[in-house]
Amino acid sequence: MAATQKSSTTVIPSSAMAREKSPVMEIVEDLTFGSTAGIVGKYIEYPFDTVKVRLQSQPDHLPPRYTGPLDCFRQSIKAHGVLGLYRGISAPLFGAAAETSSLFLFERLGREAVYASGYCSRDRVLPLSALWFTGAFAGAFTSLVLTPIELVKCKVQVPASTDGSIPKAPSVMSVIRDVYKYEGVKGFWHGQLGTFLRESGGCAAWFGSKETVTKMFYLWNERSATTQLEKDALATETLPLWQQAVAGASAGMSYNFLFFPADTIKSRMQTTPVGGTKQNRTFMQESKALWNQLGLRGFYRGCGITVLRSAPSSAFIFMVYDGLKRNLHF
């Protein structure tokens, strides 16, 4: 995930509560509840993320080390045990909180931009088209926060050396020290274009898909109502858990599948050795090298396992976040 904790903005019960709270308390609740759900979700999905990065970052000048996700799991557990799949999780845990804070901050700024444009008045629930825009807006700015965090995460997950050998797994602090020593501050934003493309497009899909499916379920549930009073009652109730899960799962799967090639290129850029004489490749250079080696399928290496794990992870994140939002108030 990059990516990870987004909120429901069109579910009527949450919107009704939002109008009773001050803007400051809304922000506090969004950041606290979103961070909590995201951090727990990160523990669930992280082993799959480790496998994904290792599949994506296999060198283009050597035969593939892993034949697929299951083989990568097998080799990784054999070499380092189950805990080895959690290597480097400290940076992503911090990233989960940082991403959430940035997403909600910029998503709110995106909403303000929509209101200021006159596209939608403040007394109405934002239409789906506006929510797709605010998602892209939030993702674009959040990418600036995520790139350094993901660079450190990738280098810890996939250790690399300048001579081609497999080095001892580095610590988070040693990676930070080496990147700063050899590449300076700008080195932490290596792969920024890939993160930008993934987050801006992915967050539009994340927010948009979740809200689209949520709205579809509300319309579906209304079909069982025979009177306007019953319809109004259904509109103020939360969706059943299984419908919340489906809406959240659709968000995660959309986010991960649609812009997976950008994430693959970013991972390859961010797992190159630090301190060698070889110059870092640009986004286009890395894309060309991958195309020449494996063609289109190379851009989707690790996509299946990523989309698969994103369904339960995203469903869990949304259910935890929305549950906290409804039942715990500051």
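Visitor: Does Cys-120 count as buried or exposed?

Guide: Relative accessible area decides this: under 20% is buried, over 50% is exposed, and anything in between is partly exposed, with a 1.4 Å probe applied to protein chains only. Cys-120 counts as buried because its relative accessibility is 4%. Cys-154 has a value of 0% and is therefore buried as well. Please note that this is a predicted model, in which local features need pLDDT of at least 70 and side-chain atom pairs count only at pLDDT 80 or more, while totals for chains, interfaces and linings use all residues. Residues are numbered from 1 along each chain as its sequence is written, and side-chain values use heavy atoms, with hydrogens and water left out.

Visitor: How many disulfides are there?

Guide: A disulfide is a covalent bond between the sulfur atoms of two cysteines. The criterion is a pair of cysteine sulfur atoms within 2.5 Å. By that rule, the count here is zero.

Visitor: How many helices and strands does the protein chain have?

Guide: Both are DSSP runs numbered from the N terminus: helices are H or I with at least four residues, and strands are E with at least two. The protein chain has 13 helices and zero strands. Of its 330 residues, 55% are buried. A contact means heavy atoms within 4.5 Å. Among contacts between residues at least 6 apart in sequence, 80% join residues at least 24 apart.

Visitor: How many salt bridges does a search of the whole structure find?

Guide: A salt bridge requires a side-chain nitrogen of Lys or Arg within 4 Å of a carboxyl oxygen of Asp or Glu. The search finds 16 of them. In one, the side chains of Lys-52 and Asp-49 meet at 3.3 Å, N to O. These two residues are both buried.

Visitor: Why are Lys-52 and Asp-49 separated by about one helical turn?

Guide: An α-helix has 3.6 residues a turn, so residues three or four places apart point the same way. Lys-52 and Asp-49 are about one turn apart because they lie three residues apart in helix α2 (residues 23–56).

Visitor: Which residue forms a salt bridge with Asp-322?

Guide: The partner is Lys-210, with the closest N and O atoms 3.7 Å apart. Asp-322 belongs to helix α13 (residues 303–327) and Lys-210 to helix α7 (residues 192–222), so the pair ties together parts that are 112 residues apart in sequence. Asp-322 and Lys-210 are both buried.

Visitor: Where does Arg-281 stand, given its relative accessibility?

Guide: Arg-281 is partly exposed, because its value is 23%. Its side chain meets that of Glu-286 in a salt bridge of 3.1 Å, N to O. Glu-286, at 3%, is buried. Elsewhere, salt bridges that share partners build one network, whose members include Lys-42, Glu-45, Asp-49, Lys-52 and Glu-150.

Visitor: At what angle do the axes of α2 and helix α10 cross?

Guide: Two packed helices are described by the angle between their axes and the distance between the axes. The axes are lines fitted to C-alpha atoms, for helices over the stretch in contact, and angles run from 0 to 180 degrees between N-to-C directions. The axes of α2 and α10 (residues 260–270) cross at roughly 75 degrees and come within 9 Å. That makes α2 roughly perpendicular to α10, a label for angles of 65 to 115 degrees, whereas under 35 is roughly parallel, over 145 roughly antiparallel, and the rest oblique. Lys-52, Val-53 and Gln-56 in α2 meet residues of α10, among them Phe-260 and Asp-263. Because 11 of the 11 residues of α10 are buried, this helix is largely enclosed by the rest of the structure.

Visitor: Which residue does the side chain of Gln-192 join in a polar contact of 2.5 Å?

Guide: A polar contact is a pair of N or O atoms within 3.5 Å; within protein, one must be able to donate a hydrogen and the other to accept it, and residues adjacent in sequence count only if both atoms are side-chain atoms. Gln-192 joins Thr-147 in this way. Gln-192 lies in helix α7 and, at 18% relative accessibility, counts as buried.

Visitor: Which backbone oxygen does the side chain of Thr-142 reach?

Guide: It is that of Ala-138, at 2.6 Å. Thr-142 lies in helix α5 (residues 128–157) and is buried at 0% relative accessibility. Leaving aside residues up to four places away in sequence, Thr-142 touches Glu-99, Ser-102, Leu-103 and Phe-106.
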